[in-house]
Amino acid sequence: MQKKIPMRQCLGCREMHPKRELIRLVRTPEGEVVADMTGKKNGRGAYLCPSESCLRRVQRSKRAEKVLECAIPDEVYEAVARALAEDKA
């Protein structure tokens with residue numbers, strides 16, 4: 001019997017993807033927002049596709065801030081952009 005693959009919706013394109021393929025933004029219990037590439041940190045999560053277009057769309061629309069219910073510093077978006085650039089290299 002095949003194991004069920006958890007699916008999550010990307011905040012940018014609003015499409016469903018397997019959880020492991022997405023980048024997770026996390027609001028920790030302390031109220032800090034970080035990019036969680038492992039998908040294991042505690043806290044409220046929001047997911048995005050590993051694409052620059054989805055990242056820009058989420059940053060422009062502030063959709064992640066609405067979902068996580070807090071302001072997201074630019075450093076978090078920059079860290080995700082750096083991780084995307086490293087994956088392409």
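Biologist: Is glutamate 69 buried or exposed?

Modeller: This is a predicted model, in which local features need pLDDT of at least 70 and side-chain atom pairs count only at pLDDT 80 or more, while totals for chains, interfaces and linings use all residues. Residues are numbered from 1 along each chain as its sequence is written, and side-chain values use heavy atoms, with hydrogens and water left out. The classes rest on relative accessible area, where buried means under 20%, exposed over 50% and partly exposed in between, with a 1.4 Å probe and protein chains only. Because its relative accessibility is 63%, glutamate 69 counts as exposed.

Biologist: Where does glutamate 69 lie, and what is its phi?

Modeller: Helices (H or I, at least four residues) and strands (E, at least two) are DSSP runs, numbered from the N terminus. In those terms, glutamate 69 lies in the loop between helix 2 and helix 3. Most residues other than glycine have a negative phi. Glutamate 69 is not a glycine, yet its phi is positive, at about 60 degrees.

Biologist: Which side chain meets glutamate 69 in a salt bridge?

Modeller: A salt bridge is a side-chain nitrogen of Lys or Arg within 4 Å of a carboxyl oxygen of Asp or Glu. The partner of glutamate 69 lies in strand 3, 42 residues apart from it, and the pair links distant parts of the chain. With an N to O distance of 3.7 Å, the partner is arginine 27.

Biologist: How many salt bridges does a search of the whole structure find?

Modeller: One of them joins arginine 56 and glutamate 52, whose closest N and O atoms are 3.9 Å apart, and both of these residues lie in helix 1 (residues 52-61), four residues apart, about one turn of the helix. Another joins aspartate 36 and arginine 24, with the closest N and O atoms 3.2 Å apart. A search of the whole structure gives a total of three.

Biologist: Why does the pair of aspartate 36 and arginine 24 tie together parts that are apart in sequence?

Modeller: Aspartate 36 is buried, with a relative accessible area of 2%, and arginine 24 is buried too, at 9%. The pair ties together parts that are 12 residues apart in sequence because arginine 24 lies in strand 3 (residues 23-27) and aspartate 36 in strand 4 (residues 33-36).

Biologist: Is cysteine 10 buried or exposed?

Modeller: Cysteine 10 lies in the loop between strand 1 (7-9) and strand 2. Between cysteine 10 and proline 29 there are 22 Å in space, C-alpha to C-alpha, and the two are 19 residues apart in sequence. Since its relative accessibility is 0%, cysteine 10 counts as buried.

Biologist: Where is methionine 16 placed?

Modeller: Methionine 16 has a relative accessible area of 48%, so the residue is partly exposed. As for its place in the chain, methionine 16 belongs to residues 16-18, which form strand 2.
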